[in-house]
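Open the model in your viewer and keep the selection tool ready. The stops below follow one another, and each begins with something to select.

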Amino acid sequence: QVQLLESGGGLVQAGGSLRLSCAASARTFSLYSSGWFRQAPGKVREFVAGISWSDRETYYADSVKGRFTISRANAKNTVYLQMNSLKPEDTAVYYCAARVGAIEVSDQQYTYWGQGTQVTVSS
C-alpha cells in the first residue's frame, strides 16, 4: 500500500505563501496521479489541484488557478503544493491523495489519503 503524510501547513496572513508537502512511503509513488483536496468546517471536500504520473498535465480548481502550483519530486516520492496570494477563503484542512491512472476531480476516485494538514489564512 501507499502511505501519505502531509506537512507544511500553518498560519499565514492574507497575501502570503505556504508550501505543502506530501511524502509517500512507496518508491513507485512517481507512477501515481496525485491530487490535493481541502475541506473547511461545514463544507464539502473539494478538489484543489492534480498532477499526472507522467507530469504531462496538471489541473486546478478555478478558485486557485494562477495562485497555486502543484509539482512532483520523483526522486523523493514527494508532491508539493505551492500556495501564493493566499486568501481567508483558502482556510481548510488540506489532504494529499493518490490513485493509479489519470487525474480525477472526484475524491471517490482516489485510493490513498493522508491525514491532512491545517492551513489558516488570517485577514
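A residue is called buried if its relative accessible area is under 20%, exposed if that area is over 50%, and partly exposed in between, using a 1.4 Å probe and protein chains only. The model is predicted, so local features need pLDDT of at least 70 and side-chain atom pairs count only at pLDDT 80 or more, while totals for chains, interfaces and linings use all residues. Residues are numbered from 1 along each chain as its sequence is written, and side-chain values use heavy atoms, with hydrogens and water left out.

**Stop 1: a salt-bridge network**

Select Arg 38, which is buried with a relative accessible area of 4%. The term salt bridge stands for a side-chain nitrogen of Lys or Arg within 4 Å of a carboxyl oxygen of Asp or Glu.

Next, select Asp 90 and Arg 67. They also form a salt bridge, with the closest N and O atoms 2.8 Å apart. Asp 90 is in the loop between strand 8 and strand 9 and Arg 67 is in the loop between strand 6 and strand 7, so the pair ties together parts that are 23 residues apart in sequence. Strands here are DSSP runs (E, at least two residues), and helices are runs of H or I of at least four residues; both are numbered from the N terminus. Asp 90 is buried at 0% relative accessible area, and Arg 67 is buried at 10%. Show the four residues together: Arg 38, Glu 46, Arg 67 and Asp 90 are linked in a network of salt bridges.

The structure holds 5 salt bridges. One of them joins Lys 65 and Asp 62, with the closest N and O atoms 3.2 Å apart. Asp 62 is exposed, at 68% relative accessibility.

**Stop 2: the disulfide**

How many disulfides does a search of the whole structure find? There is 1, counting any pair of cysteine sulfur atoms within 2.5 Å. Select Cys 22 and Cys 96, whose sulfur atoms are 2.0 Å apart. Cys 22 is in strand 3 (residues 18–24) and Cys 96 in strand 9 (residues 92–99), so the link joins distant parts of the chain, 74 residues apart. Look along the S-S bond: the angle about it is -80 degrees, and the link is left-handed. Cys 22 is buried, with a relative accessible area of 0%, and Cys 96 is buried with 0% as well.

**Stop 3: the cores**

In soluble globular proteins, nonpolar side chains tend to be buried together. A nonpolar core is a set of buried Ala, Val, Leu, Ile, Met, Phe, Trp, Tyr and Cys residues joined through side-chain atoms within 4.5 Å. Select Trp 36, Val 48, Phe 68, Ile 70, Leu 81, Met 83 and Tyr 94; of the 28 residues in the largest core, these touch the most other members. Strands that each supply at least two residues of this core include strand 5 (46–51), strand 7 (68–73) and strand 11 (117–122).

Then select Phe 37, Phe 47, Ala 97 and Tyr 110, which are among the 5 residues of a second, separate core.

**Stop 4: aromatic rings**

Keep Phe 37 and Phe 47 selected. Their rings form an edge-to-face aromatic pair, 5.5 Å centre to centre, with 80 degrees between the planes. Rings of Phe, Tyr and Trp (its six-membered ring) pair if their centres lie within 6.5 Å; planes under 30 degrees apart count as stacked, over 60 as edge-to-face and the rest as tilted. Is Trp 113 buried or partly exposed? Trp 113 is partly exposed, at 22% relative accessibility, whereas Phe 37 is buried at 0%.

Finally, select Arg 45. The charged end of Arg 45 sits over the ring of Trp 113, 4.0 Å from the ring centre. This wording requires NZ of Lys or CZ of Arg to be within 6 Å of the ring centre and within 35 degrees of the ring normal.
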